[in-house]
Every structure is written in C-alpha cells, then in structure tokens.
Amino acid sequence: DKQRNNTILKVEFHSQLGQASNGHNNEYSFQFDGQECSQPAPIVTSIYKYTNSGHWGVAPPGEVSGFCNATSRGPLQSGQLSISVHIRDACLGGDAYTGNGSGGKVTSYILVEEYCP
C-alpha cells in the first residue's frame, strides 16, 4: 500500500529480457492501476534484436526502472495500487519473453520504494 498522497514511487523490474524474433523490438513498461506513468515520464525499456545468424541464445539480464508520481488520471493516491509490467510489441511479429534462463532457474522480481519529496 502507498502510505501517503504526496510521495513518489520508485519501481524496478529485474529479470532476463529477451526478443526471439530477429529484427524486432518490444517495449517493457510499468503501469499503475492500468495506466502508464505520466509524471515525471513513462517508465519504458525497449529490447531490440538483430543478429546476422538470426539466433540469440539465453536472454541477457535486464531492468526496467524509474520514478512515478502521477498517471493521466492524476497523482498516485495513498492506498492499494495495482503495479504491473506490460510488454508491447513495437513491431509486428516480435516475440518477447522474460525469465528464460538456464534450466528455468531465473529469479524475476519487482521492487517498489516510496520516497517523500
């Protein structure tokens, strides 16, 4: 639960972020109650893949992180918030995946911290 109305949230998503389709990219973004952050800015990371061979093995470690104090609906209020990471195919035909490690032994997590201004 968010404790106060006048605070800002720092969010981080850590996992292995991959793109299986050669020549495509995907965007990973945070949403708060179904809306992207608007203040100070959207929290987005883009993963692009291009190789001469068309093959990419294990996805590298990745992070999506940033600060948010408001969405298009207004300031993030105190109380319970739904915080999620969304994957958007920025080019038709992309094939994003997360947490694809050796033998499925990958820890993915979301970290949320609340800061007073």
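Strands are DSSP runs of type E with at least two residues, and helices are runs of type H or I with at least four residues, both numbered from the N terminus. The structure is a predicted model, in which local features need pLDDT of at least 70 and side-chain atom pairs count only at pLDDT 80 or more, whereas totals for chains, interfaces and linings use all residues. Residues are numbered from 1 along each chain as its sequence is written, and side-chain values use heavy atoms, with hydrogens and water left out.

Thr-71 lies in strand β5 (residues 61-71) and is buried, with a relative accessible area of 8%, where buried means under 20%, exposed over 50% and partly exposed in between (1.4 Å probe, protein chains only). Leaving aside neighbours within four places in sequence, Thr-71 is in contact (heavy atoms within 4.5 Å) with residues including Phe-32, Cys-37 and Leu-76. Phe-32, with residues up to four places away in sequence not counted, touches Thr-71 and Leu-76, and also Ile-43 and Cys-68, among others.

One salt bridge, defined as a side-chain nitrogen of Lys or Arg within 4 Å of a carboxyl oxygen of Asp or Glu, is found in the whole structure. Lys-10 forms a salt bridge with Glu-12, with the closest N and O atoms 3.2 Å apart; Lys-10 is partly exposed at 21% relative accessible area, while Glu-12 counts as buried at 12%.
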